[in-house]
Amino acid sequence: MIDVGPIISNGTDSDVRAVAAAIDEACRDLGFFVISGHGIDAQLRSDLDDAAREFFALPDERKAAIAMPRAGIAWRGWFPVGGELTSGRPDQKEGIYFGQEHGADHPGVKAGRPLHGANLFPQQPQRLRPLVLDYLDALTTLGQGVLEAVALALGLPRGWFRTNLTDDPVVLFRIFHYPPAPPTADDWGVGEHTDYGLLTLLGQDDNAGLQVRTTNGWVDVPPDADTFVCNIGDMLERLTGGRYRSTPHRVRNTSGAERLSYPFFLDPSWDAAVDRLPIVERPPDDDETAAQRWDHASVHGFSGTYGDYLLQKVSKVFPELAAQPTGAGSKAGTATAS
């Protein structure tokens, strides 16, 4: 897997072009790459890991104080092992969903827009709240820097994504806990899938589990707590007409230890229409693309906004939450739970 080296958010275009060339190679080949020299504070990552482990060590009844149904359509909070589905099958993991911290006066909250609202944070450990919010800010900056390099790789102005798609991005963050699984288990921590948006920045601990599908079969991604694994999502495949592909991946924890991972998603604005770039020479064949994908659904065939696409996908992960009413007046989450 290609290491694209430092992401230079404040460098010149020539500084970023070297990174862009490496990203372009990685996205044409695998859709995954590694970022070292990212500038994210190591102490912040360590403290977040410690706080997350303290939370997941609590009994389920304590964790349930911030269970996802309490957040309503904001879709924030904790879910137990088996509480999330991939392709209709329960995943062998538990986790906490976070997103941008939206106050009651946010337009999306007032409108009853799904995935908008306040985060749910536990009373124990209380330090999880400031750590998560600091991490969200830091990873948003890093993600925008990666997109600047992606823009240059595609022959676009450096600020194209921020101008056209990510001025008000959908920012989502998960902390996942994978209990140890026996090597012969048929169940996956996360089954085969692709990510929905533009970019995923994945922080890992030192325990293996992530696998990526290549033309030569499934390969293990070596764990490294000091770097980020970055992969592109469905919207970048759609934008580029398949020049870049969102690559299927999956997780099974056979390390014998408790595995934690920290996927951060930087996605288009909720109301953005994600159309093909002018560089696309010919429209892709929807039927051919769908036949090649893990879910047999073409990313080029849908119409609507990114919010429409995201809601359709996430509704399959948490069908009970998806059944809740949306629109003005719907519950969009509350602050810290007791």
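**Rings, charges and a crossed helix pair**

Lysine 93 sits over the face of phenylalanine 176, 4.7 Å from the ring centre; a charge counts as over a ring if NZ of Lys or CZ of Arg is within 6 Å of the ring centre and within 35 degrees of the ring normal. Arginine 174 does likewise with tyrosine 97, lying over that ring's face at 3.4 Å from its centre. Both of these rings belong to one aromatic cluster, made up of Phe79, Tyr97, Phe176 and Tyr178. The model is a predicted one, with local features needing pLDDT of at least 70 and side-chain atom pairs counted only at pLDDT 80 or more, while totals for chains, interfaces and linings use all residues. Residues are numbered from 1 along each chain as its sequence is written, and side-chain values use heavy atoms, with hydrogens and water left out.

What about aromatic pairs? Rings of Phe, Tyr and Trp (its six-membered ring) pair if their centres lie within 6.5 Å, and planes under 30 degrees apart count as stacked, over 60 as edge-to-face and the rest as tilted. By this rule there are 9 aromatic pairs. Phenylalanine 98 and phenylalanine 173 make a stacked one, with 6.0 Å from centre to centre and 25° between the planes. Phenylalanine 98 is in strand β5 (residues 94–99) and phenylalanine 173 in strand β6 (residues 170–178), so this pair ties together parts 75 residues apart in sequence. Helices (H or I, at least four residues) and strands (E, at least two) are DSSP runs, numbered from the N terminus. Phenylalanine 98 counts as buried, at 0% relative accessibility, and phenylalanine 173 is buried at 0% too; buried means under 20% relative accessible area, exposed over 50%, and partly exposed in between (1.4 Å probe, protein chains only). Phenylalanine 302 and tyrosine 309 form a tilted pair, because their planes are at 35°, with ring centres 4.8 Å apart. Phenylalanine 302 is buried at 15% relative accessibility, and tyrosine 309 is buried at 3%.

On to the helices. The axes of α1 (residues 13–29) and α5 (residues 128–153) come within 8 Å and cross at roughly 80°. That makes α1 roughly perpendicular to α5. Axes here are lines fitted to C-alpha atoms, for helices over the stretch in contact, and angles run from 0 to 180 degrees between N-to-C directions; those under 35 degrees count as roughly parallel, over 145 as roughly antiparallel, 65 to 115 as roughly perpendicular and the rest as oblique. On the α1 side, the residues that meet α5 include Val16, Val19, Ala20 and Ile23, contact meaning heavy atoms within 4.5 Å. Their partners in α5 include Val146, Val150 and Leu152.

Between α3 (60–63) and β2 (77–79) lies tryptophan 75, with a positive phi of about 55° although it is not a glycine. Tryptophan 75 is buried, at 4% relative accessibility. Alanine 74 is found in the loop between α3 and β2 and is buried at 1%. Leucine 115, in the loop between α4 and α5, is another non-glycine residue with positive phi, near 65°, and is buried at 7% relative accessibility.
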